[in-house]
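Visitor: I'd like to learn how to read a model like this one, feature by feature. Could you walk me through it?

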Amino acid sequence: MEKVIDIDFHVTWKSPVFVRIGNGIRERIDGPDAALAALLHRWPSTNHPQYGAAKRQCVDAIARHGNPEFARSSFVEAAFAAKVLA
């Protein structure tokens with residue numbers, strides 16, 4: 001029997017998080033899917049403990065196992081640690 005994973009890529013947060021990665025412009029992150037993409041592909045520092053926690057919380061929120069607002073909080077902490085919070 002195949003196991004099906006229920007994923008929701010349309011989860012949004014009550015309020016967005018704004019980050020500025022590298023020399024880029026201010027960027028609006030509306031939910032855990034966009035946050036996870038930023039963490040996986042453009043994040044400047046992956047050696048903070050907040051980075052790993054934010055990745056896990058975003059994956060959990062997308063897979064409907066976690067609270068999206070908890071994922072937001074973890075993402076904000078990771079952004080602050082990486083000095084990209086705008």
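Guide: Let's begin with burial: a residue is buried under 20% relative accessible area, exposed over 50% and partly exposed in between, using a 1.4 Å probe and protein chains only. Take glutamine 57: its relative accessible area is 17%, so it counts as buried. Before going on, note that this is a predicted model, where local features need pLDDT of at least 70, side-chain atom pairs count only at pLDDT 80 or more, and totals for chains, interfaces and linings use all residues. Residues are numbered from 1 along each chain as its sequence is written, and side-chain values use heavy atoms, with hydrogens and water left out.

Visitor: How many helices and strands are there in the protein, and what pattern do they follow along the sequence?

Guide: Helices (H or I, at least four residues) and strands (E, at least two) are DSSP runs, numbered from the N terminus. Here there are 3 helices and 2 strands, and the pattern along the sequence is β-β-α-α-α.

Visitor: And what about pLDDT?

Guide: pLDDT is the predictor's confidence in each residue, from 0 to 100. Where pLDDT is low, the predicted coordinates should not be read in detail. This protein averages a pLDDT of 90, with 90% of the residues scoring at least 70. Among its elements, strand 1 has the highest mean pLDDT (98) and helix 2 the lowest (95).

Visitor: Back to glutamine 57: where is it found, and which residues is it in contact with?

Guide: Glutamine 57 is found in helix 2. Contact means heavy atoms within 4.5 Å. Leaving aside neighbours within four places in sequence, glutamine 57 is in contact with Phe70, Ala71 and Ser74. Compare lysine 55, which lies in helix 2 as well: at 28% relative accessibility, lysine 55 counts as partly exposed. Lysine 55 touches Leu36, Leu39 and Leu40, again not counting residues up to four places away in sequence.

Visitor: What share of the residues is buried overall, and which residues have the most contacts inside the largest nonpolar core?

Guide: Of the 86 residues, 37% count as buried. In soluble globular proteins, nonpolar side chains tend to be buried together. A nonpolar core is a set of buried Ala, Val, Leu, Ile, Met, Phe, Trp, Tyr and Cys residues joined through side-chain atoms within 4.5 Å. The largest one in this model has 21 residues, and Val19, Leu39, Trp43, Phe75 and Val84 have the most contacts inside it. Strand 1, helix 1, helix 2 and helix 3 are the elements that give two or more residues to this core, and the largest share, 5 residues, comes from helix 2.

Visitor: How do I read the aromatic pairs, and how many does the structure hold?

Guide: A pair of aromatic rings is described by the distance of the centres and the angle of the planes. Rings of Phe, Tyr and Trp (its six-membered ring) pair if their centres lie within 6.5 Å; planes under 30 degrees apart count as stacked, over 60 as edge-to-face and the rest as tilted. The structure holds 2 aromatic pairs. In one, tryptophan 13 and phenylalanine 75 have ring centres 5.9 Å apart and planes at 35°, so the pair is tilted. Tryptophan 13 lies in the segment before strand 1 (17-19) and phenylalanine 75 in helix 3 (residues 68-81), so this pair ties together parts 62 residues apart in sequence. Tryptophan 13 is buried at 6% relative accessible area, and phenylalanine 75 is buried at 0%.

Visitor: What about tryptophan 43 and phenylalanine 75?

Guide: Their ring centres are 5.4 Å apart and their planes at 50°, so that pair is tilted too. Tryptophan 43 sits in the loop between helix 1 (32-41) and helix 2 (49-62), 32 residues from phenylalanine 75 in helix 3. Trp13, Trp43 and Phe75 form one aromatic cluster.

Visitor: Last one: which way should I read the phi of lysine 83, positive or negative?

Guide: Most residues other than glycine have a negative phi, and most peptide bonds are trans. Lysine 83 has a positive phi of about 60° although it is not a glycine. Lysine 83 is found in the segment after helix 3 and is exposed, with a relative accessible area of 74%. Arginine 64, in the loop between helix 2 and helix 3, has a positive phi as well, near 65°.
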